[in-house]
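My notes follow in the order of the look-ups.

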Amino acid sequence: MLKISKKELALRYNEINKEFYQHGVQSQKIELSESQIIIFASVSRTPMLDTLADRPDLVLFIDASLNHKYKERIKDILASEFDLAVKAIYKDFDQETNTSCTVILLHT
C-alpha cells in the first residue's frame with residue numbers, strides 16, 4: 001500500500017483547490033491502491049465562469065486550461081512532498097452536480 005495517508009492527501013487537495021478557486025472542496029472521498037489514487041470531490045463552481053454562461057466556448061477553454069494547471073500542481077506536490085512518481089492524471093468536473101473526479105496513476 002502507498003505510504004501516504006488519506007488525511008494528508010485530502011488536506012493538500014483542498015489547499016490546491018483554494019489556490020485555484022479561492023475556496024476548498026465541500027467534501028471528498030479518496031481511494032488508494034498501490035498504483036492509483038482516486039479522489040471524488042464535491043466542489044463549488046467558480047462564480048467567474050457563471051458570468052460567462054453566454055460564451056460556452058470560452059468557458060470550455062478556461063476550464064481546460066485550469067484543469068491542465070491543476071494537474072501540474074498536483075503532480076508537483078505528489079513528487080516533492082510525498083515522493084510519488086506520477087504516470088498520468090485524469091481530472092473531470094461535472095457542472096450539473098458540482099462533482100469532480102481525479103484519477104492519478106502512479107509508476108510502480
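I began with what lies over the helix. The cover of the buried residues of H1 includes strand E1 (27-32), strand E2 (36-42), helix H3 (56-82), strand E3 (86-94) and strand E4 (99-106). Helices (H or I, at least four residues) and strands (E, at least two) are DSSP runs, numbered from the N terminus.

Before going on I noted the ground rules. This is a predicted model, in which local features need pLDDT of at least 70 and side-chain atom pairs count only at pLDDT 80 or more, while totals for chains, interfaces and linings use all residues. Residues are numbered from 1 along each chain as its sequence is written, and side-chain values use heavy atoms, with hydrogens and water left out.

Confidence came next. pLDDT is the predictor's confidence in each residue, from 0 to 100. I found a chain mean of 91, with 99% of residues at 70 or more. Confidence is lowest in helix H2 (residues 47-50), at a mean of 78, and highest in E2, at 97.

Helix H1. I checked its length: the 16 residues of H1 (residues 6-21) should span 22 Å at 1.5 Å a residue, and the end C-alpha atoms are 22 Å apart, which agrees. The expected span is 1.5 Å times one less than the number of residues. After H1 comes Gln 22, with a positive phi near 70°.

I listed the buried residues of H1 as Leu 9, Ala 10, Arg 12, Tyr 13, Asn 14, Ile 16, Asn 17 and Tyr 21. Buried means under 20% relative accessible area, exposed over 50%, and partly exposed in between (1.4 Å probe, protein chains only). Ala 10 counts as buried because its relative accessible area is 19%. Ala 10 touches Gln 28 and Ile 30, not counting residues up to four places away in sequence; contact means heavy atoms within 4.5 Å. The C-alpha atoms of Ala 10 and Lys 29 are 8.3 Å apart, at 19 residues along the chain.

The core. Which residues have the most contacts inside the largest nonpolar core? They are Ile 4, Leu 9, Ile 37, Ile 74, Leu 78, Leu 84 and Ile 104, in a core of 24 residues. H1, E1, E2, H3, E3 and E4 each supply at least two residues of this core. Such a core is a set of buried Ala, Val, Leu, Ile, Met, Phe, Trp, Tyr and Cys residues joined through side-chain atoms within 4.5 Å. Beyond four places in sequence, Leu 9 contacts Ile 4, Ile 30, Leu 32, Ile 37, Ile 39 and Leu 78.

Aromatic rings. A search of the whole structure gave me four aromatic pairs. Rings of Phe, Tyr and Trp (its six-membered ring) pair if their centres lie within 6.5 Å; planes under 30 degrees apart are stacked, over 60 edge-to-face, the rest tilted. Tyr 13 and Tyr 70 are edge-to-face, 5.9 Å centre to centre with 75° between the planes. Tyr 13 is in helix H1 and Tyr 70 in helix H3, so this pair ties together parts 57 residues apart in sequence. Both Tyr 13 and Tyr 70 are buried. Phe 20 and Tyr 21 make a tilted pair, because their planes are at 45°, with centres 6.2 Å apart. Phe 20, at 23% relative accessibility, is partly exposed, whereas Tyr 21, at 15%, is buried. I logged Tyr 13, Phe 20, Tyr 21 and Tyr 70 as one aromatic cluster.
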